[in-house]
Amino acid sequence: MNKDNSKYLLMLYQHCKDFREFFLESDYKNVFHSLYKIIKNIIDIDNICGLFLKSNYQDHDYFSIQKSSINENNIPKNHQSAFDFILESLSHQYYVHIVPIQSHNTYYGCLFFCKAKNRINYTDEEKDFLEQLGKMYSDIFDNKDTYQRKIFNQSIVGQILNNIKANVYITNPHTDEILYVNNQMKDVYQLNHPIGQKCWQVFQKNQKGRCLQCPVNHLVHNPHDCVIWEEHSTSNQHIYQNYDSMVEWFDHSLVHFQYSIDITHFKDVQNKASYDDLTGIYNRRAGKKKLSSQIEEAKKENKNIIVCLFDLDHLKTINDTYGHQAGDFFIKTITDTVSSLIHKKDLFFRLSGDEFIISFYDNTTHQVNQTMLLILNKLKTIQNNQNLPYILSFCFGLYEVLPHNQLSTTDIITQADEKMYIWKKRSHLRYALNDLKIHSPVVENFDYNKDLLYNALVKSTDDYIFICNMKTGVFKYTPAMVEEFAFPNDVLTNAAAVFGAKIHKDDKYEFLNSNQQITDGRTDSHIVEYRALNKNNEYVWLRCRGHVEYDDNHEPSIFAGFISNLGRKNYRDNLTSLYNHFEFEKRINELKSQFAIMILNINQFKVINQLYDHEFGDHVLRILAQNIQTMLYNETTLFKLDGDEFGLILKETDTTKIQQIFDKIQAYASQKHTYEGKPLTCHFNAGVAIKPQDGSTYLELRRNCEIALQYSKRNSHTDLTFFNPDLFQEETYILRLQNTLKQAIMNQYEGFSLVYQPKVKANSHQLMGFEVLIRWNHPDFPQVGPGTFIPILEDTRGIIQLGNWILEQALIKLKTFLEYDHTIMISINVSYIQLIQDHFIDYVKKMLTTYQIPAQLVILELTETTIVKDNQKVISIINQLRSLGLKIAMDDFGKGSSSLSLLKDEPLDIIKIDQSFVRNIKTDSFNYSFTKFIIGFCHELNLKVVIEGVETKEELDIVEEFQPDYIQGYYFSYPLSLNDTLHYLQKRLTNEK
């Protein structure tokens, strides 16, 4: 079959809905009346005539779709003669193409396809198409029932169902008899001839009737519903998730359709993934999910929750002292005791190694506190009865979650953790006081080696230690000070002269006067600051702190203290102990040869701080710093810069080798790390600048390295970027754009304007409403559209102020639009940053009230990413907005991390299919199938669907076949200015009158 003929057959499929209209007709004349209407839409014919045998060659029947010159009463009795007579009669008026209807050597008759002679004769492709059509109908006449099943299996739907890796079967909803089973299900249940048997006899073992959860009765009365349920098959002991609905069968009756997925393995994995191996209670992931659900349930029922976080005491000590088996017994004993004393309605899960959460439903803080104390008393009894060498105890904190709570689950746990920390401090103090009563803190003697003490102090501080024997006037200095100031020895008999010669002339008086006061005994301590000349002939600021100790005769015996180099006082980072940015700058300025600098930034480090807390984040920074420094010890020095940034100075300037060093860091960071039982991974972005091509001074190199880093952070396809001059131009452009946008917002939204794109109802094309779109016009940035400036405003949080302005302006304009049509709706895009801001819901309420706008006329459009991100918090906000009466739409569905579960689980009203799926919808089978499927799926879930981006009549015709609810695109209208929108409404109002 050639390509063109395939095209004709595809068109036939599309027009006749799998041929149901005619191959179930009881009268073949009606069959071909239907056939004629369909074929007329495919090829150009004027008539169909047929001559069919009834019982033998002398008994025939003739029909003609259109009126013809043939008198049926004059047709010869002999079939062959009748054939010749009809052909001759038709040939005067038509080009005639004859197609025999025969199958398996049985002749049923023939069809005469007629085309008027004032038209072009049949092409080879048209003849081939009609021949293929004849073969189809020959088969139909041969065995209608068999053909129905055969066509179903050979149809696109049948082929898909037979090849998918899921179980599909169809039953008679009144008798439960099986009408169809796909190949996958036959293999799974090892079926040979299931057709006609009862489904519950085939797929269950020794069952006397339908499954208890079977939704067939419900579907018979609610044929438009789709029911999702889980079923345990006693035949093969597997668990299935079933999707049941009603579909139209060949005889136009409704039958029961089930699509079933084997979730046995998933359930096993889910259970294993949801429970802690040691304690048998929920683990962190499952527990937090359950807690979020419980909080939402409590809100709906207007109940409170008391969240208790408890931390086991001394688990590490028990593991170290008695072994991990004892530690496991310690954990299991406590969790078993807790489980036995809380109610079924309460939630219990393991948050980390030694931290646990109990969520008490509908309770009071006092009652929960009593329960926790009861548990501690019970543990004390167990400890005494079993004579355990350690204490079974924990510290706990309670936080009450009220129905109007706005905190995320993570924030609630953080609040409970802070309460627990207060208990822990009190508990540790209580243990210390009890221990003090039992064990005296006083010892008789304490002995130590004074020389070793001196060496230990020297090695443990960056300050210089000095000691002076007041009897002899001899000074001893540390080796580091001897080297720094080029002393002749570490022991000096004339220290005042040696060191005094190095003191800056302006500071010499203070230096000598302070030391003389010590010598004269006028004071026994001093603090003095002065400048001294080091080995590099540089003056550095020093601070000397010293104190005199006396012997038994109250004579001065020893004068000792510390000398701090104030020029180096801030060269270490307090958190990580790495060299800091001062030292980073100093070393770069000291280097004269060629080198490279790299700045590392932890991508989305704020998520770690938000997920746990800043103290946890500080620990993560410390661990990363220590491990990366150790890993790079032979290659470079790691510096701690501001925030979550690290710096490296690389003597290696070969870009390939620099890339290898970065890859080494990235590979380590990307591994799964655990701190305090909490898993985490990190991802770095980095920028590199090389001296001398990227700068010769610290400031130039640092600036260009930061520019390269910013490029890496903005572009997901690259983690490491080497600076080049083009990046400087781009970064400068972005900074200028950021600043200009900020100024525009501050100057009463100068240059910003709103446009309004109509949305129409499908098929009728009546106006449904407008989507509000933001535009910005500035002479220095003429080509900048929302796709560019919106992300920049989101990064700088300017979108909050602009977004609120857009919302208010849109409602003001809607007030005017409603004067033309009181049903018009307005769609407003809301950014994630704007949505989660404090008081956003209050602001929306205020605007609706201020401008007297019915909430049901306002649609807030959110992107998929917004809905997925921080899911529980966003869902809570969405539910509150919907409770006001607003509609929530998911914008650009399919463009991002699309998941069908979003449609099923999230509180949505409208789905907007991204315009990219309309492009090439005629030729792109995926776009065609995806759009059709999603619309049907959304309608099953009672969601409205908007198709975006319709620009041509051809695209419109195709998408309207799928029956969306609304359509938006340039075909109907470009986005309109306010004046054009009002003219549009006026014109529409005039036309309706």
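Reader: Is strand S31 (residues 887–893) largely enclosed by the rest of the structure or exposed, and why?

Author: Buried means under 20% relative accessible area, exposed over 50%, partly exposed in between (1.4 Å probe, protein chains only). In S31, 5 of the 7 residues are buried, so the strand is largely enclosed by the rest of the structure. This is a predicted model: local features need pLDDT of at least 70, side-chain atom pairs count only at pLDDT 80 or more, and totals for chains, interfaces and linings use all residues. Residues are numbered from 1 along each chain as its sequence is written, and side-chain values use heavy atoms, without hydrogens and water.

Reader: Which strands does S31 join?

Author: Strands are DSSP runs (E, at least two residues), as are helices (H or I, at least four), numbered from the N terminus. Two strands pair if DSSP finds at least two bridges between them. Strand S30 (residues 858–863) runs parallel to S31, with 5 bridges. Ile859 has Lys887 as its bridge partner in S31. Strand S32 (residues 910–913) also runs parallel to S31, through 3 bridges. There, Ala889 stands opposite Ile910.

Reader: How do the axes of helix H14 (residues 324–341) and helix H15 (residues 365–385) cross?

Author: Axes are lines fitted to C-alpha atoms, for helices over the stretch in contact; angles run from 0 to 180 degrees between N-to-C directions. Here the axes come within 10 Å and cross at roughly 135°. That makes H14 oblique to H15 (under 35 degrees is roughly parallel, over 145 roughly antiparallel, 65 to 115 roughly perpendicular, the rest oblique).

Reader: Which residues of H14 meet H15?

Author: Contact means heavy atoms within 4.5 Å. Among those in H14 are Ile334, Val338 and Leu341; H15 brings residues including Ile375, Lys378 and Leu379.
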